[in-house]
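Please consult the sequence and structure below alongside the text.

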Amino acid sequence: MTSSQKLASELNVPASPTTSRVELWSFYLYYVGNNGLSGFNFGPSQFQNLLFLAGYDPSQPPSSTPCKSNTDCVLPYLGKIRNINSIVLLTNGISFAIQAVLLLLIGAWADYGTWRPNITVIFTLVAVAVSFAWLGVEDPSKWQVGVALYILGLITYQGTLTFWTAAFPGLARHLPEVQISAQLVADGEKSSDEHAEFESLSRNRVSNISFTVSSLGEILILVVMVGILEGLKAGSSTANNTKAFSVLIAFSGALWLLCALPWFFLEKRRPGLALPPSSSLFAIGFRQTYIALRECVGLKQTFLYLIFYFLMGDVLNTTVTVIATLQNSIVSYSTLQLTLLLIVGIVAQAIGTYSFWLVQKKFRISTKAMLSFNVIWILVLTVWGLIGVHTDKFGFKHTWEIWLYQGFYGLMVCPWYAYSQTMISEVSPPSQMFLFFALFSVVGKTSAFIGPLVSSAIITVSGNNNNMPFAFLFGLGAVSTIFLYLVDVKKSQVECDEFVKAETDLKAFQGSTNST
């Protein structure tokens, strides 16, 4: 019996099937479709484009003068006249607040029975429907509808990403080579530390290859999109450009569904835990999140990483959103320019992510060390924007900076999305991996709505200085690095082993009803 089978037996969970290459590549293919082009890239750009076209110059009588690229642009929103960049950040914050509550409700479902694949399917289908709904929003007068689609697009995109990502530790753990390694440990032919290092590298390989494959597929999609834009004559008029945004979003949604189908049918339904007595699916999420937070305090290293993830996730999510609003304005919402910029960014992302993995593999560098190196460049990004608070010469103010940013972001920043997720799996108890992924997602979504709301307020208070949020983001990012430095992965493994032992003795999750 392998160590994974022994663990499953102790937890009264059926042993999971071995991960096949076909299943693994269907996992990679799903991410080619769920690349963010609809809900994270073109959806938000179309939303801001509609706001710009519907807005007015605040230096003139209300609604009398359309916005121009060299003027402020405002609209009435939630009871107040706001800068459109502030509106985007505020709506972004509302979206992430809804996501946090939603994940509290359903996040733990992934740990019980075979629910997680169903959640991924539902989120995906709704996301595709939202993508097609953008085809009905091509007029600036419908910008309020754009608010709803923007929020729904972000919620469904992040939801699918959360539950798809939660599958990868299990896929890596049940790879044939990892199971062989676990058997060698059980037979006394290999040390636990050697196996832990091997499994960690396997997780990093799956994570990094998925990001690289997604990037390569996204590049091909973007090249096709350039052809679509030429056919639509997107650059000939504002109306054509606005229509082109909606067409690109719908096209992204269609490809997403196509790439998702193999994963829907080929993913092996690995059984989770049995639902605890006297618990319901609608209550289990809140109950288990409370328990996970309580236990996380006992899991000191996990808690330290949770704090870091909360802070740095907020910094990066908000930084990217602020830069995106500046980028859209600089290129005058040109669909062609934005598509070409994305091609540069995704090429850089593929090179950056795979290069990080090759360096890690060659020198056998730990996940924490790779993540620490990556975080330095996130802080550099905030300093870049901070410089622009008091000058128009630098700080995401010019077209050339946006092109440079796309390359820099792809090469040096994008590996965050692989290593930050892999790090979660290294500081989480394996028997409750999905729950802890959901917990980190809830924490990430909570921080993700705080940052945009604070940044929106900063822009408003500073007299519509769109670079001022970078001061807040740099300070927050610098503080967060302290918590990452304090994380000890080896100590975390010991703490997690003790946690699993307590769980099998009914002292953690199943026995929690007696202590709460």
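A salt bridge is a side-chain nitrogen of Lys or Arg within 4 Å of a carboxyl oxygen of Asp or Glu. By that criterion, the side chains of K397 and D392 form one, at 3.3 Å from N to O. The model is predicted: local features need pLDDT of at least 70, side-chain atom pairs count only at pLDDT 80 or more, and totals for chains, interfaces and linings use all residues. Residues are numbered from 1 along each chain as its sequence is written, and side-chain values use heavy atoms, with hydrogens and water left out.

**Salt bridges**

- The structure holds seven salt bridges.
- E177 pairs with R21, their closest N and O atoms being 3.4 Å apart. This pair links distant parts of the chain, with E177 in helix α8 and R21 in helix α2 (residues 21-33), 156 residues apart. Helices (H or I, at least four residues) are DSSP runs, numbered from the N terminus, as are strands (E, at least two).
- Buried means under 20% relative accessible area, exposed over 50%, and partly exposed in between (1.4 Å probe, protein chains only). E177 is partly exposed at 21%, and R21 is partly exposed at 46%.
- E426 forms a salt bridge with R203, with 3.6 Å between the closest N and O atoms. E426 lies in helix α16 (residues 416-426) and R203 in helix α9 (residues 192-232), so the bridge ties together parts 223 residues apart in sequence.
- Both E426 and R203 are buried. A network of salt bridges links R173, E199, R203 and E426.
- In the K397 and D392 pair, K397 is partly exposed at 25% relative accessibility, whereas D392 is exposed at 61%.

**Nonpolar core**

- A nonpolar core is a set of buried Ala, Val, Leu, Ile, Met, Phe, Trp, Tyr and Cys residues joined through side-chain atoms within 4.5 Å.
- The largest such core has 127 residues, and those with the most contacts inside it are F27, F42, Y305, L371, L381, F396 and W416. Helix α12 (residues 300-330) contributes the largest share of this core, 13 residues.
- Contact means heavy atoms within 4.5 Å. Residues up to four places away in sequence aside, F42 touches L37, L222, M225, F245, L248, I249, T339 and L342.

**Helix α8**

- The buried residues of α8 (residues 176-186) are V178, Q179, S181 and A182. Viewed down the helix axis, they fall within an arc of 155°, so they line one face of α8; the arc is that of the directions from the helix axis to the C-beta atoms.
- G188 follows α8 and has a positive phi, near 80°.

**Loop residue F394**

- F394 is located in the loop between α14 (367-387) and α15 (399-413), and is partly exposed at 26% relative accessibility.
- Leaving aside neighbours within four places in sequence, F394 is in contact with W384, I387, G388, W400 and E401. F394 and W384 are 10 residues apart in sequence and 7.8 Å apart in space, C-alpha to C-alpha.

**Second largest pocket**

- On a 1 Å grid over the protein atoms alone, a pocket is an open set of points where a 1.4 Å probe fits, with protein on both sides within 12 Å along at least five of seven lines; lining residues have an atom within 4 Å of a point.
- The second largest pocket has a volume of about 560 Å³, where points are joined across faces, edges and corners and the volume is the space filled by probe spheres set on them.
- It is lined by 26 residues, of which S69, T71, L326, S329 and N466 are the closest to its centre. Helix α12 gives the most to this lining, with three residues.
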